[in-house]
Structure formats: structure tokens, C-alpha cells
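Try each task yourself, then follow the worked solution step by step.

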Amino acid sequence: MIDTLRSEWIKLRTVRMNAVLAIIAVGFPLVITVLTALLIDADDMDAEGLIGLVTGTSIVTGMLLGVIGAAGITSEFGFGTIRPTFAATPKRSRVLIAKAVLTVVVGLVVEAVMVALCFGVGSVLLNSRGGDVQFADAGDARWALLGIVVFAGIVSLLGFGLGMLIRSTPAAIAVLILWPLVGESIVGGLLIAAGLDNPFKWLPYNAGINLGNPDAGAGTDSLGRVWGGLYFFVVTAVITALGALSTSKRDA
Amino acid sequence: MITVQGLSKRFGAKFAVADLSFQVAPGRVTGFLGPNGSGKSTTMRCMLGLDRPDAGGTTFDGQPYAQLDHPLHQVGALLDAGYVHPGRSGRNHLRWLAASNGLPTSRVDETLAVVGLTEVGTKRVRTYSLGMKQRLGLAGVLLGDPHTIILDEPANGLDPEGIRWIRDVLTHLAGQGRTILVSSHLLSEMALMANSLIVIGKGQLIEECSVGDFVGRYGDHWVRVASPRIGTLAEALRAGGAVVTAVDDITVEVRNATAVDVGELAARYQVTLHELSTQTGSLEDAFLKATSSVQEYTTGAIR
């Protein structure tokens, strides 16, 4: 297993697109955070507000990490490298587990770095301009920073799972991005029209995003941070398991 | 030793490979021949567990491929030189392959040197020519110093020097007692390289024999005779039932008679011979004759 992990790690590191996506994933929220911290009145943002800004912008980070997860397997199908991969490691489950582990770990680490950088730089800038942003003052909202890191890990895995199922890079990325942006709105709207009461809390992405919501759990219309995150993870795990089953059974 | 037993693979209703069985012995280069669409590549993919066969299986020295823990040490395979990420360097492509089987990076550099790609190893594969990709693929095959080698069209895209190189390499490796299975459409090349042949058509075995036996069975044979008195000799040959075709003023090709028959007749008629040789058709001719009934795609005449 260690050999397979090493091999997949080399693959992940030696494709430039992955590095570019990771840089954008960290850079985009950082730029937004820096601009916001420099342009708003420093008194208008406390620690909880900064956490909301960081977790809000880092949804983009999660998406980009999901793209890395999807491309990690779809590019193998696209360029045919899945064949030498499975020829070198005939136990396909070993390859898929190694890919899943690396995808999640990279997602967690990149998101954690991004969150730490954004909150750190944002608080320093706001405090230097007369603000008073103290991490300890954020109360329960602090869990949202941990939650958004976990969310990124799950979205990375979701991208990988969709990639295994769909096999095409553009199609997998389209589903990964359009489902939360458009798909759940349409499905939710249809379910409301069908007479269901507040179906959005049962839609996976809507439930999962509570992981990074500083106010999660405060209302009654959501599953809350822990149960919402768990629900999103279970849906992702099912998609990933189906993808793994399909990849194991089908011709490479 | 590779043993393929009762292998079948179906795509929809169509059998790409149907109950195919053959053995590939060590110490020789075995050519794997068949017309386009005959199932060669599907067979190779099934052998390596990449395509799931509907029936049958393959063993390598008694073990199924899926049970090999570090297969690159036992079986080196190149199915398509294009199976590389174009954004990755050739060296990095080999690095992940090597790492997957616990091989050190030093082995990557060794094999790059063997295939002559050291200088371009750090360049991205998208800048490689087809021939360079073939060499990179062969480096991947050699990484684990395997006992069994499977190559699908390895000479495709190689220049004459490269083709000769791969022939020499495979012949050398077979001489070391390794098991080599090579498919190729370059039949002249196969004639120079292969000791044995496995010929398939429409997914079924047509022949499994030595190259000599195959050409002997399916190839054309005739005797070439040259003499200043060829007219006299030709008349005597025809009288004996031979078919004689003129090549030039002093040379004929004789069928339905052996060189011994022609020599005896020439002696009887006291005809001086300038040439008397048995001619055999090419592997290409034999292949076309053997597979004429199983061609998947036949060409029409150009008008």
C-alpha cells in the first residue's frame, strides 16, 4: 500500500494543473480577505464576521479541490494511464484507496492552510487598522473554521467519486460545480412545488455547507453543522463506493 | 511461460475473442499476428486483467496476473505508447511506475539511458514524437527487469534505427531465457525477429507453430533455374508435369517439381545450370493466405 501511495503522490505532484488549482484555491480567498480587511471600516468586522468571510469565500477553494479530486481519476481514463496503472497494480482497490486517501488529505491540508492564512492575515490587517479581532472572541463560530476544512475534504472525495462514476473530466467537473449551484435549487424548488416542507435541508450540498456556517444549528430549518456534515459525508461515501465498484468491475 | 486457456471476451453480442488457447514458451520471441480487428489487443488486455474476460484466463508461470504482488518484476507490458499524461515528463512517468512496484529512482535513470532518452527525460511527454513515446514505453517495460515481456506493436512510429534496436533488444532478451510475446503488423520485421507465431483471426486461433512451419504450410514454394539452354530444360520439365514460368531469357521459375527433380533432369539432358535454388514465399504471403477467410476489413480495388 505504501508503494501505491508513493506512486499516486508522484502522479499528483507532477501534473502542473494540480499545483495551479491549489494556488488559486488558496490565493482567491486570500485576495478577497485582504481586500476586504483593507477596504472596510475595521470596526465593522469582528472575529465572527471574519470567520464568516473566510468560510464563505473558501467554498470556491472546496470546489477547486473537488476538481483536483475529479481530475485525479478522470485524467487517467482520458489519457489511458489507467491501464499502466492497473497493470502495475492489479489490485484495483489498492489504487482507488490510495487515490481517495491522497485526495482527501490534500483537500484537508490545502483548505487548512488557506483558512489559517486568511484568518491570520485578515485579523492582523484589521487589528493594524484599529479593529479588534480576537480568535477567542468568536465563540462557537470557531468550529466553522474546522468545519469548512472538513467540508473541503468531503468535496474533494466527492469530486473523486464523481470522476470514477462519470470518467470524463468536463462532465465530472460540470456535475461537481453545477449540482450545488443549480441542481439543488431546481430539485428543491420542484420538491416544494410537490408539497414538501423545507426540502433544502435534505439536499446533500445544502446540508454539508453547514459545516462551514458560523450560525449553523441556530435555526430549525437545517440539519446543523454535525448532522448536516455527516449526512453530506454519507452521500459522498455512497457515490464514491459506487464509483469504486464501477471502476473495479468495468474494463479499464 | 504464458498460458492462455479458453479465453473469451464479448462486446455486446460480438465475440472479440472466442475460446482462445495458446502457450508462449520462454527463450524465444513469439509473434502474435492477426488482421485488424482479430482480437490481438483485446487478448493482451484480458491477459493483464485490464479487460475482464467472460470466460477463461491467463497464467504467467502458473500465476494469474491479478495475483502478482509486484507485477513489473515479472511481467513488463506495453500496450500503447500513448498511455502517458502529456503534461508529465517522461522521467516522472517512469518514476510513478517504478514507485508502484517499489523500484528505486536510480532504476528509472538506468532504463532511460537504455532507451536513449536521458537527455529528454525531464521534458514533458507532449513534446515527444511517437518514436520517443515508444522508447519511453519500452523503458517502462524494462523497469522491473521482468522475465515476461508483452508488447503490442512496439515498432510503431520507430525509425529504422529504432526498429533494428528493438529487434536486437528482444532477440537478446529472449536469448536470456525470457518469454517474449510481440504483436506487429510489420511482417518483414516479424520474420527477422520471431521464432514462433500465434496467428488469430476473428478472435480464434488459426495457427500456433514456428515461423518456418507456418511459412512452409501456407507459403508458396518454387525452384528457380537459370541455364543457357533453358528452353530444352523447360520443355522436359513441362513434359514431366511441372509448371514453368519464364523470368527472363535464361531463367525460369518451376512449380510442382523439387530442386532435386530439376537437377536430375538437367543432368540427364546434359544442360549446364547457372542457378538452381529453392525459393519460399514471404511470411507476409503466408499470413495473407492463412488469414484470407477471417479478414474483418477487406479492401476494394482502386480504379
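This is a predicted model: local features need pLDDT of at least 70, side-chain atom pairs count only at pLDDT 80 or more; totals for chains, interfaces and linings use all residues.

Helices (H or I, at least four residues) and strands (E, at least two) are DSSP runs, numbered from the N terminus.

**Exercise 1. Decide whether B:Gln270 and B:Asp145 are buried, partly exposed or exposed.**

Solution. 
- Step 1: Recall the cut-offs: a residue is buried with 20 or more other C-beta atoms within 10 Å of its own, exposed with 12 or fewer, and partly exposed in between.
- Step 2: B:Gln270 has 8 C-beta neighbours inside 10 Å, so B:Gln270 counts as exposed.
- Step 3: B:Asp145 has 15 C-beta neighbours inside 10 Å and therefore counts as partly exposed. Look for B:Asp145 in the loop between α4 (130-142) and β7 (148-152) of chain B.
- Step 4: Now check the backbone. Phi of B:Asp145 is near 50 degrees, a positive value in a residue other than glycine. B:Gln270, also not a glycine, has a positive phi of about 50 degrees.

**Exercise 2. Work out which strands stand at the edges of the open sheet of 4 strands in chain B.**

Solution. 
- Step 1: Write down the order, which is β2-β1-β4-β5 (chain B), with antiparallel pairing.
- Step 2: Look at the two ends of that order. β2 (14-24) and β5 (63-64) of chain B each have a single partner strand, so one side of each is left without a neighbour in the sheet.
- Step 3: Move to a pair inside the order. Strand β1 (residues 2-11) of chain B runs antiparallel to strand β4 (residues 55-60) of chain B, and 5 bridges join them.
- Step 4: Find a facing pair of residues: B:Ile2 stands opposite B:Phe60 in β4(B).

**Exercise 3. Describe the fold and dimensions of chain A.**

Solution. 
- Step 1: Count the elements: chain A has 9 helices and 0 strands. Read along the sequence, the pattern is α-α-α-α-α-α-α-α-α.
- Step 2: Compare with a globule. For 252 residues, a compact globule would have a radius of gyration near 18 Å, and the 19 Å of chain A agrees with this.
- Step 3: Take the dimensions: the C-alpha trace of chain A spans about 60 × 50 × 25 Å along its principal axes.
- Step 4: Turn to the packing. Of the 252 residues of chain A, 48% count as buried. Among contacts in chain A with a separation of 6 or more, 80% come from residues 24 or more positions apart.

**Exercise 4. Locate the domains of chain B and check the confidence of the model.**

Solution. 
- Step 1: The domain assignment gives domain 1 (2-210) and domain 2 (221-280) of chain B. Their C-alpha centres lie 46 Å apart.
- Step 2: Chain B averages a pLDDT of 90, and 97% of the residues score at least 70.
- Step 3: Among the elements of chain B, helix α7 (residues 211-218) has the lowest mean pLDDT (81), while α2(B) has the highest (97).
- Step 4: Finally, the model scores ipTM 0.84 and pTM 0.84.

Conventions. Residues are numbered from 1 along each chain as its sequence is written. Chains are lettered from A and ligands numbered from 1 in the order in which they are written. Domain bounds come from an automatic or database domain assignment. Two strands pair if DSSP finds at least two bridges between them. pLDDT is the predictor's confidence in each residue, from 0 to 100. The radius of gyration is taken over C-alpha atoms; the globule rule is 2.2 Å times the number of residues to the power 0.38. Two residues are in contact if their C-beta atoms, placed from the backbone, lie within 7 Å.
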